[in-house]
Amino acid sequence: MVVGKSDTDTRRASRQLHRARRAAAPGSFTAEEWKAVRERYGAVCLRCKQAAPLTVDHVIPLSKGGTNDADNLQPLCLPCNVKKGTRTLDYRLAALAVL
Ligand SMILES: [Zn+2]
């Protein structure tokens, strides 16, 4: 994967946007709730199944009216989270089906 300057800039802008939206989004989750969500799915990325550092992904993106509640969260590694972008993709059902 080629990571150029523009890609880095895009990600930085995306992170800042994310932070601003998070502050305004309804609902909230605690560190404990997020830990419970990760552990429910084996602490791996739900998309690629790698035990990579996991990021909080909102199943329904905050930009699409999703909430910060624990039932709207799924663990994805950063590359998968970036690939998902602002689409509404729920990887949780498929993940539980194979457990
Ligand atoms: Zn992944």
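Colleague: In what order do the elements of the chain run from the N terminus on?

Modeller: Starting at the N terminus, the order is α-α-β-β-α-α. That makes 4 helices and 2 strands, where helices (H or I, at least four residues) and strands (E, at least two) are DSSP runs numbered from the N terminus. Keep in mind that this is a predicted model, in which local features need pLDDT of at least 70, side-chain atom pairs count only at pLDDT 80 or more, and totals for chains, interfaces and linings use all residues. Residues are numbered from 1 along each chain as its sequence is written.

Colleague: Thanks! What pLDDT does the chain average?

Modeller: The average is 87, and 79% of the residues score at least 70; pLDDT is the predictor's confidence in each residue, from 0 to 100.

Colleague: And which elements have the lowest and the highest mean pLDDT?

Modeller: Helix 1 (residues 5-24) has the lowest, at 65, and strand 2 (residues 73-77) has the highest, at 98.

Colleague: Let's stay with strand 2. Is strand 2 largely enclosed or open?

Modeller: Strand 2 is largely enclosed by the rest of the structure, because 5 of its 5 residues are buried. Buried here takes 20 or more other C-beta atoms within 10 Å of a residue's own, exposed takes 12 or fewer, and partly exposed is in between, with C-beta atoms placed from the backbone.

Colleague: Which residues sit on each side of strand 2?

Modeller: One side has L73, P75 and C77, and the other has Q74 and L76, so both faces are covered by the buried-residue criterion. In a regular strand, side chains alternate between the two faces of the sheet.

Colleague: How many bridges join strand 1 to strand 2?

Modeller: There are 5 bridges, and the two strands run antiparallel; strands pair if DSSP finds at least two bridges between them. V56, for instance, has P75 in strand 2 as its bridge partner.

Colleague: Nice. Which residues make up the largest nonpolar core?

Modeller: Six names here: C45, L46, L54, L76, C77 and C80. A nonpolar core is a set of buried Ala, Val, Leu, Ile, Met, Phe, Trp, Tyr and Cys residues joined through C-beta atoms within 7 Å.

Colleague: What is L54 in contact with, leaving aside neighbours within four places in sequence?

Modeller: L54 is in contact with R38, C45, P75, L76 and C77, a contact being two C-beta atoms, placed from the backbone, within 7 Å.

Colleague: What about phi at A43 and K49?

Modeller: A43 has a positive phi of about 55° although it is not a glycine, and K49 has a positive phi near 65°. Most residues other than glycine have a negative phi. A43 lies in the loop between helix 2 and strand 1 (54-58), and K49 lies in the loop between helix 2 and strand 1.

Colleague: Last one: is K64 buried or exposed?

Modeller: K64 counts as exposed because it has 11 C-beta neighbours inside 10 Å. K64 is in the loop between strand 1 and strand 2, and it touches T86 and T88, not counting residues up to four places away in sequence.
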